[in-house]
Amino acid sequence: MNNMENLYRQVIMDHYKNPRHKGLVNDEHYHTSHIKNPTCGDDITIQSRVEDGIVKDIRHEGTGCSICCSSASVMSEVLVGKTVEEAEKILETYLNMLTNKEYDEEVELEDAIAYQGVSKFPARIKCASIAWKAFEDTLKESE
Ligand code: ZN
């Protein structure tokens with residue numbers, strides 16, 4: 001394992017053990033989406049609140065593997081405070097990176113870059129992407 005991979009692994013384990021933005025809220029200003037990944041047992045619910053074109057908050061709750069649970073936490077940290085346009089760009093870049101498609105390397109993925117290595121493990125790509133896809137669903141709902 002090289003240094004970068006080790007660093008990325010630490011980011012993932014840190015968010016898995018100490019998830020940020022965890023726990024759902026009962027608030028009508030939030031949009032909710034729930035996605036399951038039966039092949040791994042991941043089950044995740046994402047809530048987001050958008051105000052004045054800015055992602056004000058993201059919440060997550062669920063069970064699953066370390067890749068899935070940590071990615072919901074990382075996503076929340078990366079995307080809260082961004083404009084919807086920036087969040088959509090990061091989302092698209094992240095999903096392209098995971099699926100080995102061409103992506104814009106100029107886009108700042110922050111800690112989400114830690115999941116770059118997942119693209120080498122097709123079975124785990126879904127684990128790393130369902131939280132982000134659920135967030136995408138909540139964005140569509142708020143439009
Ligand atoms: Zn998983």
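Modeller: Buried means under 20% relative accessible area, exposed over 50%, and partly exposed in between. By that rule Cys65 is buried, and Cys127 is buried too. The model is a predicted one.

Biologist: What makes an atom a donor of the zinc ion here?

Modeller: Distance and atom type. Donors are N, O and S atoms within 2.8 Å of this metal. The protein donors lie 2.1 to 2.7 Å from the zinc ion. Water is not among the atoms, so the site may look incomplete.

Biologist: What spacing do the donors follow along the chain?

Modeller: The spacing is C-x1-D-x22-C-x61-C. Cys65 and Cys127 link distant parts of the chain, 62 residues apart. Cys65 sits in the loop between strand 3 (54–63) and helix 2 (66–79). Cys127 sits in helix 4, residues 122–142.

Biologist: Why is helix 2 called mostly covered?

Modeller: Twelve of its 14 residues are buried. Among them are Ile67, Cys68, Cys69, Val74, Met75, Val78 and Leu79. The cover includes helix 1 (3–17), strand 2 (42–51), strand 3, helix 3 (84–98) and helix 4. After helix 2 comes Gly81, with a positive phi near 100°.

Biologist: Why is the pair of Tyr94 and Tyr115 called edge-to-face?

Modeller: Two values decide. Rings pair if their centres lie within 6.5 Å, and planes over 60 degrees apart count as edge-to-face. Tyr94 and Tyr115 are 6.2 Å apart centre to centre, with 75° between the planes. The pair passes on both counts, so it is edge-to-face. Tyr94 lies in helix 3 and Tyr115 in the loop between helix 3 and helix 4, so the pair ties together parts 21 residues apart in sequence. Tyr94 and Tyr115 are both buried.

Biologist: What makes the pair of Tyr94 and Trp132 stacked?

Modeller: Planes under 30 degrees apart count as stacked. Here the angle is 15°, and the centres are 3.9 Å apart. Tyr94 in helix 3 and Trp132 in helix 4 are 38 residues apart. Trp132 is buried, as is Tyr94. The count comes to two aromatic pairs. Ring pairs link Tyr94, Tyr115 and Trp132 into a cluster.

Biologist: How do you know whether Gln47 is buried or exposed?

Modeller: Gln47, in strand 2, has a relative accessible area of 6%. That is under 20%, so Gln47 is buried.

Biologist: What makes the link between Gln47 and Thr32 a polar contact?

Modeller: A polar contact needs N or O atoms within 3.5 Å, one able to donate a hydrogen and the other to accept it. The side chains of Gln47 and Thr32 are joined by such a contact at 3.4 Å. A polar atom of the Gln47 side chain also lies 2.8 Å from the backbone nitrogen of Val25. Residues that Gln47 touches include Leu24, Tyr30, Asp57 and Arg59.

Biologist: What class does Asn100 fall into, and what about His21?

Modeller: Asn100 has 56% relative accessibility, over the 50% limit, so it counts as exposed. His21 has 24%, which lies between the limits, so it is partly exposed. Asn100 is in the loop between helix 3 and helix 4. His21 is in the loop between helix 1 and strand 1 (31–37). Neither is a glycine, yet phi is positive: about 60° for Asn100 and about 65° for His21.

Biologist: Why is the protein called as compact as a globular protein of its length?

Modeller: First, the fold: four helices and three strands, in the pattern α-β-β-β-α-α-α. The radius of gyration is 14 Å, close to the 15 Å that the globule rule gives for 143 residues, so the protein is as compact as a globular protein of that length. Its C-alpha trace spans about 45 × 35 × 25 Å along the principal axes. Of the 143 residues, 43% count as buried.

Terms used. Residues are numbered from 1 along each chain as its sequence is written. This is a predicted model: local features need pLDDT of at least 70, side-chain atom pairs count only at pLDDT 80 or more; totals for chains, interfaces and linings use all residues. Side-chain values use heavy atoms; hydrogens and water are left out. Donors are N, O and S atoms within 2.8 Å of the metal (3.2 Å for Na, K and Ca); water is not among the atoms, so sites may look incomplete. Helices (H or I, at least four residues) and strands (E, at least two) are DSSP runs, numbered from the N terminus. Buried means under 20% relative accessible area, exposed over 50%, partly exposed in between (1.4 Å probe, protein chains only). Contact means heavy atoms within 4.5 Å. Rings of Phe, Tyr and Trp (its six-membered ring) pair if their centres lie within 6.5 Å; planes under 30 degrees apart count as stacked, over 60 as edge-to-face and the rest as tilted. The radius of gyration is taken over C-alpha atoms; the globule rule is 2.2 Å times the number of residues to the power 0.38. Lists of a residue's contacts leave out its neighbours within four places in sequence.
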